[in-house]
Amino acid sequence: MSGWTATAERIEALEGVGLDDALVGALERRHAALAGAHAGRVNFYTPTFKVYATSEIKGCGKSAWPAVSITGGECKLACDHCKAKILEPMIPARTPEDLWRVVNEQIAAGAQGMLLTGGSNHRNEVEYDPYYPVVRRIKDAFPDFRIAVHTALVTRDIARRMEDSGLDVAMMDVIGAQDTITQVYHLRRTVADFEETLEHLTATSLKVVPHIVIGLHYGRLLGEWQALEMVQRHRPAALVLVVVMPFYAPEHRPFAVPDARKVGEFFMDAREALPDIPLLLGCARPAGRVKSRIDAYAVMAGLNGIAHPADGMVELAARLGREVRVTPACCSIAVGDEVLAAASGRDEGIAIDLDRIMADERARARPAGRLGAIPVVAQTAA
Ligand code: SF4
């Protein structure tokens with residue numbers, strides 16, 4: 001049994017999760033050889049931790065980072081893993097005037113920023129053209145209001161228009177397998193089109209945060225490593241990994257739950273490929289024990305941000321010697337907040353005092369050797 005497996009087995013919340021000892025051993029060896037600016041620190045984004053001995057941290061405030069769709073719930077692509085359902089709960093803003101109104105309402109309700117997105121046309125482009133002037137107006141009126149845009153595929157000219165409008169963060173899904181583009185996205189575009197989009201965006205001053213959706217090919221890993229190579233060639237501000245959640249897959253093309261072991265291997269390959277940029281795990285991933293396995297591998301691989309971690313992950317990270325922080329809020333990875341924070345040198349998370357936590361847990365006379373779920377000590381934010 002590897003040393004890290006033994007460590008994980010001492011954590012009550014990870015009991016019976018079924019970590020793969022061979023993979024854990026490999027992660028332990030490979031992590032020891034890592035060098036890079038982002039190898040040691042992990043920030044957990046969670047609305048669910050409790051502040052030590054006080055009240056519960058506020059839950060997921062929808063108004064802090066609303067998602068706004070310029071097409072409402074419509075999307076011409078209707079990809080097999082989504083069928084436009086991701087857009088349905090978003091706030092619609094089908095005209096530039098609507099967007100101005102929605103943003104003003106959201107700011108009045110406490111929003112700090114938003115994700116701007118919309119359904120695609122048949123070429124996987126979101127038609128933002130009429131919206132750039134109002135985005136400029138929003139940024140001029142509310143310079144601190146952050147806007148992350150889901151770009152979809154763009155030309156060099158569109159990337160420059162996005163930059164000129166004052167958008168803060170540009171996000172896109174990077175797909176590395178032609179079969180996935182053709183079959184899952186029903187799209188007549190090429191892998192090269194996705195790489196060119198990344199190239200055009202990283203040529204601007206936008207903070208570019210590509211996403212790789214692990215298991216996008218009906219739950220199988222297919223083009224992920226090619227996507228990783230594309231990201232490596234263009235050095236974005238950060239990379240977000242998510243694991244496919246195929247709630248809306250058609251019955252005749254079901255998605256498997258991605259193999260947690262392969263997901264863990266991909267995490268480590270991504271970490272080694274990109275030691276100098278923040279590597280984040282977004283909130284989308286399957287629930288249950290597979291989530292616990294995936295999250296444990298993410299911690300072990302040395303990812304820097306994990307949204308909505310499974311129970312036991314803070315303790316695991318601390319026991320593995322990571323510098324652990326907790327941001328008691330909803331997943332701001334989705335809007336690039338972690339990236340903006342990393343770029344500006346801000347420390348958003350709350351440092352936790354593990355010694356104090358363990359002493360407190362022991363004082364509560366839990367069964368010997370068991371720490372239970374660790375609460376967060378809300379010390380000073382460093
Ligand atoms: S293009 Fe985006 S919104 Fe449209 S179906 Fe595909 S994943 Fe969903």
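Is Asp-21 buried, partly exposed or exposed? Asp-21 counts as partly exposed, because its relative accessibility is 32% and that class runs between 20% and 50%. The model is predicted, so every value here is computed from it.

Start with the surroundings of this residue. Asp-21 sits in helix α2, which covers residues 21-32. Leave aside the residues up to four places away in sequence. Asp-21 then touches Met-1, Ser-2 and Thr-5. Trp-4 is 17 residues away from Asp-21 along the chain. The C-alpha atoms of Asp-21 and Trp-4 are separated by 8.5 Å.

Now step back to the whole protein. It has 382 residues, and 55% of them count as buried. Its elements are 13 helices and 12 strands. Consider the contacts between residues at least 6 apart in sequence. Of these, 74% join residues at least 24 apart.

Strand β7 is the next stop. The strand spans residues 207-214, and His-211 lies in it. Why does His-211 count as buried? The reason is its relative accessibility of 12%, as buried means under 20%. The side chain of His-211 reaches the backbone oxygen of Val-209 at 3.2 Å.

How many cavities of 30 Å³ or more does a search of the whole structure find? The search finds 1. The largest cavity holds about 80 Å³ of space. It is lined by 13 residues, and the closest to its centre are Ile-175, Val-213, Leu-216, Gly-223 and Glu-224. Two elements, β7 and α8 (224-234), each give two or more residues to this lining. By class, the lining of the largest cavity divides into 8 nonpolar, 4 polar and 1 charged residues.

From α8, follow the chain onward. Arg-235 lies in the loop between α8 and β8, the latter covering residues 239-243. Arg-235 has a phi near 45°, a positive value in a residue other than glycine. Why is that worth a look? Most residues other than glycine have a negative phi. Arg-235 is partly exposed, because its relative accessible area is 47%.

His-308 gives another case of positive phi. Its phi is about 50°, although His-308 is not a glycine. Where does His-308 lie? The place of His-308 is in the loop between β10 (305-307) and α11 (313-319). His-308 counts as partly exposed, because its relative accessibility is 25%.

His-211 is buried at 12% relative accessibility, whereas His-308 is partly exposed at 25%. His-211 lies in a strand, and His-308 lies in a loop.

Note on methods. Residues numbered from 1 in each chain as written. Predicted model: local features only at pLDDT ≥ 70, side-chain atom pairs only at ≥ 80, totals over all residues. Heavy atoms only, no water. Helix = DSSP H or I, 4+ residues; strand = E, 2+ residues; numbered from the N terminus. Buried < 20%, exposed > 50% of the residue type's maximum accessible area, 1.4 Å probe, protein only. Polar contact = N/O pair within 3.5 Å; in protein donor to acceptor, adjacent residues only side chain to side chain. 1 Å grid on protein atoms, 1.4 Å probe; cavity = no way out; pocket = protein on both sides within 12 Å on 5 of 7 lines; lining within 4 Å. Points joined across faces, edges and corners; volume = space filled by probe spheres on them. Nonpolar A, V, L, I, M, F, W, Y, C, P; charged D, E, K, R; others polar. Contact = heavy atoms within 4.5 Å.
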